[in-house]
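This report goes through the side-chain packing, charge pairs and backbone features of one model. The sequence and structure are shown first.

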Amino acid sequence: MLALEDIETKDIEAYSPSHWVEGADIILANGDVYSFKERPYLIKPLETEARLVCVRKARGLGFSETFILESIHGTSHGTYKQGVQYVFPTETAMREFVQSRFNVVLRRNSLIRSMVKDTDTTYYKRIGESNLFMNGGGLTTNIEGLQKETMTFRSKQIDRAIIDELDMFEQANDVVKSALTSMKNSPVKSIVAISNPSIPNYGIDKLFQESNQNFWYRECKSKCGVLTCADKEFPDLIDRNGCHCVKCGSPLTFRGTWKPDYETRNDLYGIRSKNWEGYHISDLNAPNDDPYSILEQYGDKSDANLEKLYKFSLGLPFMPKTNALTLSEVYDCCGIYPEYESFAGPCAMGVDVGGSSGFHVVLGYRTGRDSYEIIRTDCVENFDDVAIIGQRFGVKNCVCDMLPEPTYARKFQQMAGFRVWLNLYNTTNPVDEVVWNDDTRVVKTYRNYIFDTSHRVVAEGKLRLPRRSRKIEKFAKQYVVPVKIQDASRQGNVFKYFSPSRNDHYRNAMNYFLLAAQTSRLIRKETYKKETRFAIHETVKL
């Protein structure tokens, strides 16, 4: 990478966006002159040549204006010859940003106004010999019920995409892949994603977790030589005078440096680079916010308060403990015996059809009115394999995913050799939570109800799993993926289960197993004959 000291002074502003921005005395929409004096944390994200950049942040730290100005610099100085696309979650958000901030900056700054040749449209600005597209919308077009696409990234060729408020996009984890489709002919292929986080391992938090994870370390006023990361020390080292040094206790200045937690994730440069350069920063570092007020808010431990505090002040994802399971809770259900290789029966089976990821199977039986034991989990290639497993384990009742292959599911239902019900989830609140149709062999299940049930049996310790193994660890990782969040598309305090990643097949298979087991004969361990070590029903060996 070329160092600034090696560049001619007359060319330094063409090379360095930070020198250009600060040297131009740009007046922002709020009337302030853009400056790094109290916000030096903006310099490195502005200057970085990393191809993939993500910023997990709190509100009001200046990143949106910074990347807009970087886009103007890059398009006007030839860095992005094909152009830049700045994308918002919705058309409304895009219009509000352009009208209340971007256009105001244009009016107040003659230098920027002279660079922008075409300002007649909200969506498009011609800057120098390049383009700045400003669009709203996510993956909204459903194609034959199988995939979602968007016009946002179609019919455009760009060098850089800036995705603002990533977590507010529908299917945020897929937006980055869609943005890359507009860069096939680009020698740059750069993406920036910035957002307040929402839930763990989704959107911006998922990208940050995969990145080199830079945190902002600040100097203290006494210059003791030790740098302190206020974000990592919270809630310690804060009083009415602000954040303090971890070594000497003196107040922190605004000066500091970014340090990565994972220096080995350093494949950052060039069009084939794979690693993300990630930044995390909270309002503890904001010049116009009071760290002590954030600490006071932290004293209220209600979920509603903590959610706002984590997401918008601390820049962290948040999920109430009652709305998501942890791996530890699932592992606590593990017993000491390994998975069964076969079983005389009877038992129940749940089958999730995962397409290219395989057919996920959960087998077990009911041991009490509301308690269950799993004897095997598996992932197989097709319905024939599922039928073979069912026969080997003496399955009597099976509930199988009807979608996305209803024709093949019907064939499996007819040839399985045991009773098979096909499940359809109902996402609206029905009169009956589960409706069994004996004529069609279809069961319609209220989605929230069965996810609540599979959550509860683990949280309340009513599920027994085989001994922990690699297979059970894979099962557990998929089991904890779904989380319960508020449904923004419906009025009132309505919740739904949402999977940050689509890899939740074993959780769905468990849902289907519970439906099948609830209609199965009860097997009670207390009826085992001690002298023979067999159950009276001769279905379970100790």
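R441 has a relative accessible area of 30% and is therefore partly exposed; buried means under 20% relative accessible area, exposed over 50%, and partly exposed in between, with a 1.4 Å probe and protein chains only. The model is predicted, so local features need pLDDT of at least 70 and side-chain atom pairs count only at pLDDT 80 or more, while totals for chains, interfaces and linings use all residues. Residues are numbered from 1 along each chain as its sequence is written, and side-chain values use heavy atoms, with hydrogens and water left out.

**Backbone**

R441 sits in the loop between strand 20 (434–437) and strand 21 (442–446). Helices (H or I, at least four residues) and strands (E, at least two) are DSSP runs, numbered from the N terminus. The phi of R441 is near 55°, a positive value in a residue other than glycine. Q213 also has a positive phi, near 55°, and is not a glycine. Q213 belongs to the loop between helix 8 (204–210) and strand 10, and its relative accessibility of 8% makes Q213 buried. Most residues other than glycine have a negative phi, and most peptide bonds are trans.

Two cis peptide bonds can be described here. One runs from G345 to P346, with omega near 0°, and P346 is in the loop between helix 12 and strand 15. Another joins L403 and P404, with omega about 10°; P404 is in the loop between strand 18 (395–401) and helix 14 (406–415).

**Nonpolar cores**

A nonpolar core is a set of buried Ala, Val, Leu, Ile, Met, Phe, Trp, Tyr and Cys residues joined through side-chain atoms within 4.5 Å. The largest such core has 44 residues, and F63, I72, F102 and M134 touch the most other members. Helix 5 (residues 91–108) is the main contributor to this core, giving six residues. Another core lies apart from it and has 33 residues, including V330, V399, A476 and A517.

Contact means heavy atoms within 4.5 Å. Not counting residues up to four places away in sequence, F63 touches Y41, L42, P45, V55, K57, I194 and I281.

Helix 4 (residues 63–76) and helix 5 have axes that come within 12 Å and cross at roughly 75°. Axes are lines fitted to C-alpha atoms, for helices over the stretch in contact, and angles run from 0 to 180 degrees between N-to-C directions. Helix 4 and helix 5 are therefore roughly perpendicular to each other, in a scheme where angles under 35 degrees count as roughly parallel, over 145 as roughly antiparallel, 65 to 115 as roughly perpendicular and the rest as oblique. On helix 4 the contact involves S64, E65, I68 and I72, and on helix 5 F97, R101 and F102.

L314 is in the loop between helix 11 (303–313) and helix 12. With a relative accessible area of 5%, L314 is buried. Its contacts, leaving aside neighbours within four places in sequence, are A58, F234, H280, S282, L284, I294 and L309. L314 and L284 are 30 residues apart in sequence, and their C-alpha atoms are 7.4 Å apart in space.

**Charge pairs**

A salt bridge is a side-chain nitrogen of Lys or Arg within 4 Å of a carboxyl oxygen of Asp or Glu. By this rule the count comes to 19 salt bridges. Three of them are listed below.

| Salt bridge | Closest N to O distance |
|---|---|
| E219 and R255 | 3.0 Å |
| K471 and E339 | 3.0 Å |

E219 is in strand 10 (residues 214–220) and R255 in strand 13 (residues 252–260), so their pair ties together parts that are 36 residues apart in sequence. E219 is partly exposed at 30% relative accessibility, and R255 is partly exposed at 42%.

K471 lies in helix 16 (residues 470–479) and E339 in the loop between helix 12 (327–331) and strand 15 (347–353), so this pair ties together parts that are 132 residues apart in sequence. K471 is partly exposed at 30% relative accessibility, whereas E339 is buried at 14%.

D378 lies in strand 17 (residues 371–380) and K471 in helix 16, so the pair ties together parts that are 93 residues apart in sequence. D378 is buried at 14% relative accessibility. Salt bridges with shared partners join E339, E341, R376, D378 and K471 into one network.

**Cysteines**

A disulfide is a pair of cysteine sulfur atoms within 2.5 Å, and a search of the whole structure finds zero disulfides. For C398, which is in no disulfide, the nearest cysteine sulfur is that of C400, 5.7 Å away. C398 is buried at 0% relative accessibility, and C400 is buried at 0% relative accessibility.
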